[in-house]
Amino acid sequence: MKYLVLLFFSCITLTGCSLFNQEEPFQKSTEANKLLVSAAASLADALPEVITAFEEEYPNINITVNYGGSGQLSRQIQQGAPVDIFLSANQQWMDTLTEEKLIAEDTRTDVIGNHLVLIGNKQSSQSIASLQQLSDMQIDQIAIGNPESVPAGIYAKTALQNSGVWQSLEEQFVYAKDVRQALTYVESGNTELGFVYASDAAISNDIRIITEVDETLYPAIVYPASVTSYSTNRHDAETFIHFLKQDKAAAIFKSYGFRNIH
């Protein structure tokens, strides 16, 4: 009888492990050497190369990345997504998670910088010296990240408001779910113009930069990183964040159009 009871609980334990490994949303990782990073979509080209360099130095730490708009990623963390590190394209969403005690505040640090540009399709011949000119031009559509959740869209809206042309252009805006979608809209010719980061423009052969947006019109673009307060692998997560600020990572980011802020 005693043997049967032990066998029963052994089966329950094994079944529980099996169920836990199912692909359920927001399930926390039990692997000590694996990190899940939620990173801004604008990092989708540079970050894989940085991760490769990191894993060469730390072969026992494996990193998986979920890319998206910073607002979208922030909401996923609020819902309990199994994220170890949040790498945002602005301070606002990191501030929100700080207030809700969802990040370990003492691990928060600024990693890299960027700046905003206005782009057109490669065949575009338009010339714009300042954003004020946009209200006088015949433009059908302008791609912009959704200002409700996409940092690039928030920066662009702020710049347009400070230029006094936001309201006059509102009907022309096509809102994108993240900055990469805004880039795609311009590349494909679906919109004439779009606001993206300089790093996004640097990786595309199908667009040209029409103007670099005056940096006095919007807050400095800085990417903060932090370990989530519920991460089960804080040590490795902090190791990765530290690496993001080192010379090797900085050189990679710079090659993709980002700015070194250290």
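Start by selecting helix α3, residues 70-78, and colour S70, G71, L73, S74 and I77: these are buried, where buried means under 20% relative accessible area, exposed means over 50% and partly exposed lies in between, with a 1.4 Å probe and protein chains only. Look down the axis of α3 and the buried residues fall within an arc of 160°, so they line one face of the helix; the arc is taken from the directions from the helix axis to the C-beta atoms.

Before moving on, a word on what you have open. This is a predicted model, in which local features need pLDDT of at least 70 and side-chain atom pairs count only at pLDDT 80 or more, while totals for chains, interfaces and linings use all residues. Residues are numbered from 1 along each chain as its sequence is written, and side-chain values use heavy atoms, with hydrogens and water left out.

Now show what surrounds α3. Its buried residues pack against β1 (34-40), β2 (62-68), β3 (85-87), α4 (91-99) and α5 (151-162), with contact meaning heavy atoms within 4.5 Å. Helices here are DSSP runs of H or I with at least four residues, strands are runs of E with at least two, and both are numbered from the N terminus. Just past the end of α3, click on G80, which takes a positive phi of about 100°.

Follow α5 to T158. This residue is partly exposed, at a relative accessible area of 23%. Leaving aside residues up to four places away in sequence, T158 touches L217, Y218 and P219. For a distance check, draw a line from T158 to P147: they sit 11 residues apart along the chain, and their C-alpha atoms are separated by 9.3 Å.

Next stop is E170, in the loop between α6 (166-169) and β7 (173-176). E170 is partly exposed too, with a relative accessible area of 39%. Its C-alpha atom is 9.9 Å from that of K157, 13 residues away along the chain.

Jump to K101, in the loop between α4 and β4 (109-114). Most residues other than glycine have a negative phi. K101, not a glycine, has a positive phi of about 60°. At 67% relative accessibility, K101 counts as exposed.

Now for helix α10, residues 247-255. Select A249, A250, I252 and F253, which are buried. Down the axis of α10 these buried residues fall within an arc of 160°, so they line one face of the helix. The buried residues of α10 pack against α2 (46-57), β4, α9 (234-244) and β11 (259-260). Just after α10, G257 takes a positive phi of about 95°.

How many cavities of 30 Å³ or more does a search of the whole structure find? There are 2. On a 1 Å grid over the protein atoms alone, a cavity is a set of points where a 1.4 Å probe fits but cannot get out, and lining residues have an atom within 4 Å of a point. To find it, select A40, A41, A89, V150 and P151, which lie nearest its centre among 13 lining residues.

Finally, zoom out. The chain has 10 helices and 11 strands, and buried residues make up 50% of its 262 residues.

Notes: On a 1 Å grid over the protein atoms alone, a cavity is a set of points where a 1.4 Å probe fits but cannot get out, and a pocket is an open set with protein on both sides within 12 Å along at least five of seven lines; lining residues have an atom within 4 Å of a point. Grid points are joined across faces, edges and corners, and a volume is the space filled by probe spheres set on the points.
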